[in-house]
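Please keep the 3D view open as you read.

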Amino acid sequence: MIDTLAHASLPPPPKPHELATARAVTRAATGEAPAIRLLLIAAAILFLTLFLFAPLALVFTEALRQGVVKFIGALTQKEALAAIRLTLITAGISVPLNLAFGLAAAWAIARFRFPGKSLLLTLIDLPFSVSPVISGLVFVLIFGAQSLIGPWLSAHGIKIVFALPGIVLATIFVTLPFVARELIPLMQEQGADQEEAALSLGASGWQTFWHVTLPNVRWGVLYGVLLCNARAMGEFGAVSVISGHVRGLTNTIPLHVEVLYNEYAFSAAFAMASLLALLALVTLALKTFLEWRFAGELANGLRH
Amino acid sequence: MTDTTFEAAQKRGRHRRPRNVLPGFGPALGFTTAYLSLIVLIPLAVLFGWSLSGGVAAFIELATRERTLAALRLSFGGAAIAAGINMVFGLLVAWVLSRYSFPGRKLIDAMVDLPFALPTAVAGISLATLYGPKGWIGGFLADYGIKVAFTPLGVIVALTFVGLPFVVRTVQPVLEDLDRQYEEAAATLGAGRLQTVRHVLLPALFPSLLTGFAMALARGIGEYGSVIFIAGNLPMRSEIAPLLIVIKLEEFDYRGATVVAATMLILSFLMLLAVNLLQAWTRRHSA
């Protein structure tokens, strides 16, 4: 009796097809018609094809245009090997130094209060808004023949400009923010509770750093190092200004690409370029993997 | 008013707490500032010193030479146009990636960061070939009488490539976090889809669009590697400011080079300041 009354006072339950219509109406209100949807997707893909996929595809097709033998030949030339070696040495020096800087900066900024902190944060970001050419230029000004210490350096046989030290300095300048920018927000998010606990249990400062801090930020460190390394190996403008373009001596891979291209050795230029493109793809793959697998252990800031 | 809240009281309490127990502040901050000073700050100070070594009048004279002005106009104008293109298409890409699902979406999402990872010289020679008169795209456009490579248009193409990820990466997270309820409410109140996009979505996305624009702009102004291959580098026409620095340096005109560099730095600083002020203004007015 009560049942029938209750039923009588309620509107009949909606039938499945009515529910579907209601859902369709909501979708139409906060979404787009399928045709527009398709059009927008197509427009986005067209844009990305023109500016992203086509340039990438072209690097590999041009590199292999004259066959695999020529491709391998171009990569194993004496000057090509020297360029690869120089690029590895440059990244091998500058990335660890910027890693040390990033760890120190993150420790100071994310764990302590002090006046001028936001100024320091801004200054760490500065290299991102300085033209790479200027990043190379400043070291030419300091260490070049016309500088204050230039004559003294050359009298003592110390070569910085047009040599490895200059290339490394310019690379460090350009890649300085990468690790710090990842670690500072990450360590700020994590807070100092675990470190304070370790200290109160009697751990020393270094023990706390090695056994608590570093394991907590290891994926963030890897993430920052990955991006830092990609930029260090691929940097062109800054290194080009300071290297002097001595073939087989001060040419990194990107500089060697330029030399070959300007000599109309297009296939060889693209063969070298494909090495760097491959590095970029591997970097992107690893980066995507880290973001997917360890999202919670990375900073949620903007990716660079 | 907020001072009476529990959180504020807690915060004040935290202020009174004894100093941080963590060790290593001195060495960490010391190393950070020393490293930053040696690598970035002192070198930039030396640059400004060089640029002013002939006095302010000489600086202004060098900075306002016709060729310098043309190069600055191209670098700043080209970067602004490219950042504008990226604002429109970056929004489109962010929209498509966060709202729709289609095959290959994840791959495309990951590939958007390619310009961050691909060395500029590689992008440069590839774009120059692609948009050159015999390239896949350049050849097609040449049939319609459009020349891209070796013209100012080429500069814009290269800067669009370089700045592509910025707007996408700033807008995408905002779009994903945006509560659909606002759109539903607008629709319930009788707004058409376009009206909802214009009056509900765009205002909410505007600050992030502006951030992306500013970052793409800052990156484009200083860009060198990807541009010089496609630009043609004709003085007064397709010569960007960073290239002018390199040319002056090769002529051993150090003061000229530093004046162009210092002018670039000052102008980009003023531009970013303006964008920041605009952003603060929009945030105040949309709140």
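In this predicted model, α7(A) passes α9(A) in a right-handed crossing. A crossing is left-handed if the near helix is turned anticlockwise from the far one by less than a right angle, and right-handed if clockwise. Helices (H or I, at least four residues) are DSSP runs, numbered from the N terminus. Residues are numbered from 1 along each chain as its sequence is written, chains are lettered from A and ligands numbered from 1 in the order in which they are written. Local features need pLDDT of at least 70 and side-chain atom pairs count only at pLDDT 80 or more, while totals for chains, interfaces and linings use all residues; side-chain values use heavy atoms, with hydrogens and water left out.

Two packed helices are described by the angle between their axes and the distance between the axes. Axes are lines fitted to C-alpha atoms, for helices over the stretch in contact, and angles run from 0 to 180 degrees between N-to-C directions.

| Helix pair | Angle | Axis distance |
|---|---|---|
| α7 (132-143) and α9 (164-175) of chain A | roughly 140° | within 9 Å |
| α3 (34-63) and α15 (266-293) of chain A | about 135° | 8 Å |
| α5 (78-111) and α14 (253-262) of chain A | roughly 150° | within 8 Å |

Angles under 35 degrees count as roughly parallel, over 145 as roughly antiparallel, 65 to 115 as roughly perpendicular and the rest as oblique. α3(A) and α15(A) are therefore oblique to each other, whereas α5(A) and α14(A) are roughly antiparallel.

Which residues touch? Contact means heavy atoms within 4.5 Å. From α7(A), residues including A:Val138 and A:Phe139 meet residues of α9(A), among them A:Leu169 and A:Phe173. That contact has seven nonpolar, two polar and no charged residues; Ala, Val, Leu, Ile, Met, Phe, Trp, Tyr, Cys and Pro count as nonpolar, Asp, Glu, Lys and Arg as charged, and the others, Gly among them, as polar.

The crossing of α3(A) past α15(A) is left-handed. Here A:Leu56 and A:Phe60 are among the α3(A) residues that meet α15(A), where the partners include A:Phe270 and A:Leu281.

Now to the two chains. Their contact takes 87 residues from chain A and 84 residues from chain B. Together they bury about 7,700 Å², 81% of it on carbon and sulfur atoms; buried area is the accessible area (1.4 Å probe) that two parts lose on being put together, summed over both.

How many salt bridges (a side-chain nitrogen of Lys or Arg within 4 Å of a carboxyl oxygen of Asp or Glu) cross the interface of chain A and chain B? The rule finds two. A:Glu32 forms a salt bridge with B:Arg193, with the closest N and O atoms 2.7 Å apart.

Technical notes: Helices (H or I, at least four residues) and strands (E, at least two) are DSSP runs, numbered from the N terminus.
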